Amino acid sequence: MATRMLELSTVVEAAPEAVIDFLITLDRHRGMHPYLQSATVVASGAGDGGPWWDWRVVERPAPRPIRYTIRFPARMTRVSPSSMRGSVRAAPGCLLDTVTTAEVGDGGVIVRERTTVTAPRIVLGYMAKHAEIAHARTFSLLAGQLAVG
């Protein structure tokens, strides 16, 4: 297995808690996340790490000329009012772990996400590239969604 780290940030006009509320609710990302078809909560609970939600995610990555649908589990955990963790098993042997924070800063709330992509070396580049495409687009549209929501 190999790993690659991705980091994103954006500034939004919303309370840190509202940012995390939005990001932890995966079905609200449809139309922002370029591959997301649906996300459904299949279980929830609370543990030492905080309250968590297990999601069943359906995505349709769009590399041309082949389009395909993938289904996978994701767990989102609310670590604090202004932070969350995500664990996504996008494919066999492929894991995306995210840590997201929302903190008041100059000019608004700074949202930061660090994603660690772990995958077999042969598909690591592909997995990291598409994670970055999807998360970057979601972050680029986040401020507008929070203004509406």
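The residues lining the largest cavity divide into 3 nonpolar, 2 polar and 3 charged, where Ala, Val, Leu, Ile, Met, Phe, Trp, Tyr, Cys and Pro count as nonpolar, Asp, Glu, Lys and Arg as charged, and the others, Gly among them, as polar. The model is predicted, with local features needing pLDDT of at least 70 and side-chain atom pairs counting only at pLDDT 80 or more, while totals for chains, interfaces and linings use all residues. Residues are numbered from 1 along each chain as its sequence is written, and side-chain values use heavy atoms, with hydrogens and water left out.

The lining consists of Leu6, Glu7, Leu8, Glu113, Thr115, Ala131, Glu132 and His135, a lining residue being one with an atom within 4 Å of a cavity point, that is, a point on a 1 Å grid over the protein atoms alone where a 1.4 Å probe fits but cannot get out.

The volume of the largest cavity is about 30 Å³, counted as the space filled by probe spheres set on grid points joined across faces, edges and corners.

The open sheet has 7 strands in the order S1-S7-S6-S5-S4-S3-S2, with antiparallel pairing; strands (E, at least two residues) and helices (H or I, at least four) are DSSP runs, numbered from the N terminus, and two strands pair if DSSP finds at least two bridges between them. Strand S1 (2–12) and strand S2 (36–47) stand at the edges with a single partner strand each, so one side of each is left without a neighbour in the sheet. Within the sheet, strand S4 (residues 70–80) pairs with strand S5 (residues 83–91) in the antiparallel sense over 6 bridges.

Note on methods. 1 Å grid on protein atoms, 1.4 Å probe; cavity = no way out; pocket = protein on both sides within 12 Å on 5 of 7 lines; lining within 4 Å.
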